Amino acid sequence: MAGLYLHIPFCKQACHYCDFHFSTALALKSRLVEAIVRELELRRSYLDPGATLETIYFGGGTPSLLTAAELDQIFAAIHRHFAVAPGAEITLEANPDDLSAAKLQELRQVGVNRLSIGLQSFYEPHLRLMNRAHTAEESTTAVRRAQDAGFENVSIDLIYGVPAPGHHVWEADLANAFALGVPHVSAYALTIEPGTAFGHRLRKGTFRAAPDEFVATQFELLLAAMRAHGYEQYEISNFCRAGRESRHNANYWRGVPYLGLGPSAHSYDGHNRQFTLANNPQYVAAVLERGAVPVTVDELTATDRANEYLLTTLRTARGCDLAHLRAHHGLDLLAARADYLAALQASGWARIQHEVLTLTDAGKLLADHITLELFQTPAVAPYESTE
């Protein structure tokens, strides 16, 4: 089995926290769709011959900006070059303001069976602060409309750690999310990246990020609320009802190969990672005019693969199988880092049972630090999942 990721790098407007690759100029959209279709043909052999797609994921950017005709064009190319498993999970990220009844019917007709809706908040002042294109009312309406249109597999995104006098807005956001009854929630701490609007305002002194203690408390509130409402935290930022995890992202963390299409997309085949140029005009010109995909190839060493296994598994509820790490990657953490592992357990940040290392709730707050401490050197740079 394998996965397919398609990066659709267009948005109506720029959210103040977002550092993903996107453009608010939509004039190139149809040409970029043509380039993605051509890239699919050029790179279909990246995955093993005969690979069957178990998951397809449209990320961005804002894939819900694609028209029905553009989606048809992409799906026709996918089925032309790959076998798609019966019951494959086909996810499309969407903004609430795009999800009209007509749009939802179009998405169902082309085969999308899972929606990831970027709500971020139900609180109007926070949506305005983040420069979101939708209103608080649309946050609720879009999910209800999707459910009424037959989309039972719906995920919503929320952001916590937004500066506020207290925690009542975050608690209300969680209550509103639970009232919608969705099977999956992704919740991310607000991170201030240097190249974003928030980053610029932070440097100018016109924006202040929430203190670490405030963010940590909201993470703890999140964990307690999710457990109380029957959601499993299967990855640090992802929560689901039993059996309703995102198969696509879960496969990332399990090391399943995937092909990424579009500018800034990443690909992984078990041996290397490939990173496509994050420039829309240059990407389109290279693919459509020269028949060449502008990618950077990172061949993974044994050290890289060991570090990646640590990075991805420690974020999950399954944890890091230390026996697998030793047998398949040649890294014996129980021997090499015995003192540090003992300190993690004594501090209440991790536990080891049956040679599986998992982080506690307290340890999850320090996941990046702990992972970097366990990395062999030289270490690979962490990469972000799509949801």
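Start at glutamine 218, whose side chain reaches the backbone nitrogen of glycine 161 at 2.8 Å. This is a predicted model. Glutamine 218 sits in helix α8, which runs over residues 212-228. Is glutamine 218 buried or exposed? It counts as buried, because its relative accessibility is 3% and the cut-off for buried is under 20%. Look past the neighbours within four places in sequence. Glutamine 218 is then in contact with Tyr160, Gly161, Val162, Gly166, His167 and Trp170.

Now move to helix α2, residues 68-81. This helix has 14 residues. From its first C-alpha to its last it reaches 20 Å, close to the 20 Å expected at 1.5 Å a residue.

Which residues of α2 are buried? They are Glu70, Leu71, Ile74, Phe75, Ala77 and Ile78. These residues cover an arc of only 155° around the axis, so they lie on the same side of α2. What do they pack against? The partners are β1 (2-8), α1 (29-43), β2 (52-60), β3 (83-94) and α3. Turn to the face of α2 that points away from the buried side. There you find the exposed residues Ala69, His79 and Arg80.

Glycine 111 lies in the loop between α3 (101-110) and β4 (114-120). With a relative accessible area of 29%, glycine 111 is partly exposed. Its C-alpha atom is separated by 9.4 Å from that of threonine 91. Along the chain, glycine 111 and threonine 91 are 20 residues apart.

Key:
Residues are numbered from 1 along each chain as its sequence is written. This is a predicted model: local features need pLDDT of at least 70, side-chain atom pairs count only at pLDDT 80 or more; totals for chains, interfaces and linings use all residues. Side-chain values use heavy atoms; hydrogens and water are left out. Helices (H or I, at least four residues) and strands (E, at least two) are DSSP runs, numbered from the N terminus. Buried means under 20% relative accessible area, exposed over 50%, partly exposed in between (1.4 Å probe, protein chains only). The expected span of a helix is 1.5 Å times one less than its number of residues. The arc is that of the directions from the helix axis to the C-beta atoms. Contact means heavy atoms within 4.5 Å. A polar contact is a pair of N or O atoms within 3.5 Å; within protein, one must be able to donate a hydrogen and the other to accept it, and residues adjacent in sequence count only if both atoms are side-chain atoms.
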